[in-house]
Amino acid sequence: MSEQEASDRSTTPAWSFRVAPSLHHLLTTPASRAALPFQPGAPQQLPDPVFPQHHGLLIADDSRLSKRRMDVDPYRRGWSAPLIYRVLRGWLFPYIKSRVLPGDFHPIIAYLFTEWKCNLDCQYCWAFDNRVKGMTEDTAKRSIDWLHSTSCRVLALMGGEPLLRPAFVHKVVYYAAKKGFWIYVPTNGRLMKPAVIDRLADAGMAVVNLAVDVVQEKPGLPKGFNAIRPFFEYLVRKQYKYGYIVFFNINICRNNLEDVRQLTEIAHDYGLITDYHINESPMIAETHFKHLDENSTFIRREDWPHVEETIDWLIDKNRGGYKMVNSIQRLGQMKDFIRGKLQEWNCRAGQNVVVIRVDGTLAPCFPMYSASYDWGTVENQRFDARQLGDMKKDCQPHCFSTLNHNLAFCYNDRRVIRWGIRQALRGFQGVSGSFDQNSED
Ligand code: SF4
């Protein structure tokens, strides 16, 4: 793809999707997918969570933890043996299994879309349709049970906005944690009330991905930090006693570049890691997406210099010790991506990553959520290495998935061993989620 095409694809209807027409046809034909098979008998139910399970934690005094942590290393915190074991059980053991077991499908992380509805409307986001009902308890339980029968032990809730049904999410987190999953909860924070935080933390939530794009809400970008500030203070303070992690997830758009810097500084002041995305238009046609033609967030050719300046600023901050999920190398690749120069990168979607839609059907990754291609359902996955390989030849150069890229990095033994040795020598204090070989983390 040329630079001109890279620019055009974000701003004109002609680039309503990013894969070749032949692949697009394959992915969207037939028009509907095979459904999760019906099971005889009553629908399955998730158990009612016990709350609180950890009464001592609920009432523990944490008033001193509320202050900003600028006087010391803002990122420094202690980890108990059970919390370290939780990370190893979630990530390391499944990874090792995926390297030694025969076969191609060994998921490490599963995205469970409990919702396809959202309470906000970010102009870049096509990942919600408020006409679609949320996941049922039957599908959620069968999904978790099926994942438990595989190597997977990282469960990422996903939406839409997963906290639209807090009682449902509490049940999912409680059940999955009892099964040994490391649980990731992404949210725009608007519904993350203290009572919800306490319940999810008590149930076993391991990480909160707090999506913020601007400090003060603006047209097209409603995920404003100021709108969630009271909940945010509570969320940050409680992480130290419950043992979960909070990080900021920031989407770099053409109209939030100053906010990206301010949010980075706010996260640093609070000792939070940051994760950056570069704004992407839909991978395939999203018929329900309302903002494809008129969009104030998509990055145009004339925005490249300002966007690149912001990325360079982030790279400087990363070098200066700000912890980011994105490595320096990966941040640099954002510049290649907007110019259409990204190369193939060994994507692991459909092998070590799986998406479970609200109806229990499967997709390899988030950009393919709306594809009607049949990759099977929970209890009956139908991923095929050859089909995935052919597809990725086309979609990889147009896809900037940080998670899949980090996983791709792990499927090279030499790099992983080198990374492990470097982190061990630093007492694992530098671990941020960034894995790239040129990371200076
Ligand atoms: S490169 Fe991987 S994550 Fe991206 S769209 Fe293709 S299969 Fe999905």
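Predicted model: local features only at pLDDT ≥ 70, side-chain atom pairs only at ≥ 80, totals over all residues.
Residues are numbered from 1 along each chain as its sequence is written.

The chain holds 14 helices and 10 strands; these are DSSP runs (H or I, at least four residues, for helices; E, at least two, for strands), numbered from the N terminus. Of its 441 residues, 44% are buried, meaning that 20 or more other C-beta atoms, placed from the backbone, lie within 10 Å of a residue's own.

Now look inside. The largest nonpolar core has 109 residues, and Ala110, Val154, Ala156, Val173, Ile183 and Met205 touch the most other members. Such a core is a set of buried Ala, Val, Leu, Ile, Met, Phe, Trp, Tyr and Cys residues joined through C-beta atoms within 7 Å. Helix α6 (residues 166-178) gives the most to this core, with seven residues. Why group like this? In soluble globular proteins, nonpolar side chains tend to be buried together.

Next, find helix α8, which spans residues 229-242. Its buried residues are Phe232, Leu235, Lys238, Gln239 and Tyr242. They sit on the same side of α8, because they cover an arc of only 140° around the axis (taken from the directions from the helix axis to the C-beta atoms). An α-helix has 3.6 residues a turn, so residues three or four places apart point the same way.

Methods
Buried ≥ 20, exposed ≤ 12 C-beta atoms within 10 Å, placed from the backbone. Expected span 1.5 Å × (residues − 1).
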